[in-house]
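User: Please take a close look at how one part of this model is packed, and say what surrounds it. I would like one connected account, with the cut-off for each term.

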Amino acid sequence: MKVANSYLALAAAILAIVFSGSGHAGGTSARYLARGSLQAKIQYCSDCHGISGGGYLGYFPIPRLAGQTTEYFENQLRAFVERRREAYAAMPMSKVHGLSPGLQTALAAHFSQLNPAPLGEAPKRLRETGKDIYEQGIPDDNVPACQVCHGSEASGTRGIPRLAGQLYPYTVKELMNWDRERGQGVADTSAVMRPIAHSLTKSQVEAVAAYLSDLE
Amino acid sequence: MEAASSRHPIWKDHSPSRAPTEAGGLKVSASKLTLQTALLAVCLAAAGRAEATNASDPALHAKIQYCTDCHQPSGQGYLGATPIPRLAGQQSEYFKNQLQAFIDRRRVNFFMFKVAHSLSPEMLTALADHFKDLNPKPLGGAPAELVEAGKKIFAEGVPAANVPSCSTCHGPEAKGNGQFPRLAGQLYPYIIKVLTNWDKERGQGGPEHPDTSAIMKPIAHNLNESQIEAVAAYLSDLE
């Protein structure tokens, strides 16, 4: 009797431990996150965009989301959903139509507060030229100063994106391919950048991108 | 125009196209050649005039695009990191005065000095002519509750503070006249910034370089913050 009781007690204890573990709703393991929850979505975004939203140099450059302005962030998600922005080399982005407006806002708020160090890794020799272009433009080449809209520290404001710390190859790709990606079929807030992207030569784009990739 | 090779291959080269001549029968090609030569002569003559103000001049076209990159194609202005003012419908004399003031550093603005410095006198005139005829809707966005007070200040001034009626010089519809700027439809935060910072930006040439902006100095000083905001709100909605 005594032995059976102690076995029972042991079994009960083990069962208690196992079942108490599954009671934690906010566990970090993916298996414990409710489907469609914000935490699950954040994890899904972070799978590619980096655990702190710092971006990632995958086969394609995956952009930094950390510190992005919420208005711009939400505009871009909506642009993907409405196909005003083509998911060029970014197949998962064409699937974002599953995000509800509430979830878009919550994701924007989440990423806007992150601030990891920039990935860097751009050619250092270009940064000086890039800084000049960013701050003063090139009047003789009809290139405007980026900081007039994006701010002196490239932190953006309202619908104008933060550029500080953005991945070098990503910025280059965006500026060189503006028309292929943005403003597809419908007039879009991205139209503002179109003539500017056109005015820049490839080496100017690379210089500015290199400068921005190091900014905190 | 020559830098086409250094530009991205996908984008259009903005230089004027030169249609290649095509060899045909002798008679046809002779008259074609005459036509080609005549056209070439006209083109070269036009190019020979430095900084031509011809609306089809590629250099002017490029400069207008450059201005509108920030000030917008309609000249409406833009809320960037700093408010970028409306140029549409601006008085051409005022427009040219301001660009010249930037060049002479009588008006201090980091970006505009660089921009203005690259402009020839003929280009100033051509740009002023381009923008004066544009007429987009105002950007708006100012607090609506301030407009009524602003309208009163614009029409009557603030006699107790020795602020004259703005309409006296700027016109009853704030369209301006000659060297007095149009204010109608100007950006709300831009007007506030300019009136609040008058001394820091304008009249920087010192006593040996008197400046048309001097007339606004006491007026800007005598307006208080809420009066500036009210008048700016009123003006920002005017068409």
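**A close look at one packing contact**

From helix 7 of chain A, the residues A:Tyr168, A:Thr171, A:Val172, A:Leu175 and A:Met176 meet A:Lys202, A:Val205, A:Glu206, A:Ala209, A:Ala210, A:Leu212 and A:Ser213 of helix 10 of chain A, where contact means heavy atoms within 4.5 Å. Sorted by class, this contact has 8 nonpolar, 2 polar and 2 charged residues (nonpolar: Ala, Val, Leu, Ile, Met, Phe, Trp, Tyr, Cys and Pro; charged: Asp, Glu, Lys and Arg; polar: the others, Gly among them).

The model is predicted, with local features needing pLDDT of at least 70 and side-chain atom pairs counting only at pLDDT 80 or more, while totals for chains, interfaces and linings use all residues. Residues are numbered from 1 along each chain as its sequence is written, chains are lettered from A and ligands numbered from 1 in the order in which they are written, and side-chain values use heavy atoms, leaving out hydrogens and water.

The axes of helix 7 and helix 10 of chain A are 8 Å apart and the helices pack at an angle of about 145 degrees (axes are lines fitted to C-alpha atoms, for helices over the stretch in contact, and angles run from 0 to 180 degrees between N-to-C directions). Helix 7 of chain A passes helix 10 of chain A in a right-handed crossing (left-handed if the near helix is turned anticlockwise from the far one by less than a right angle, right-handed if clockwise).

Helix 7 of chain A (residues 168–176) is largely enclosed by the rest of the structure, because 8 of its 9 residues are buried (under 20% relative accessible area; exposed is over 50% and partly exposed in between, with a 1.4 Å probe and protein chains only). The buried residues of this helix are A:Tyr168, A:Tyr170, A:Thr171, A:Val172, A:Lys173, A:Glu174, A:Leu175 and A:Met176.

For the setting, chain A holds 10 helices and 2 strands (DSSP runs numbered from the N terminus, H or I of at least four residues for helices and E of at least two for strands), and along the sequence chain A follows the pattern α-α-β-β-α-α-α-α-α-α-α-α. Of the 216 residues in chain A, 45% are buried. Among contacts in chain A with a separation of 6 or more, 67% are accounted for by residues 24 or more positions apart.

Two ring features of chain A complete the account. A:Arg182 lies over the face of A:Trp178, 4.4 Å from the ring centre (a charge sits over a ring if NZ of Lys or CZ of Arg is within 6 Å of the ring centre and within 35 degrees of the ring normal). Over all chains the structure holds 6 aromatic pairs (Phe, Tyr or Trp rings, the six-membered one for Trp, with centres within 6.5 Å; planes under 30 degrees apart are stacked, over 60 edge-to-face and the rest tilted). The pair of A:Tyr59 and A:Phe60 is edge-to-face, because the ring planes stand at 90 degrees, with the centres 5.0 Å apart. A:Tyr59 counts as exposed at 77% relative accessibility, whereas A:Phe60 is partly exposed, with a relative accessible area of 34%.
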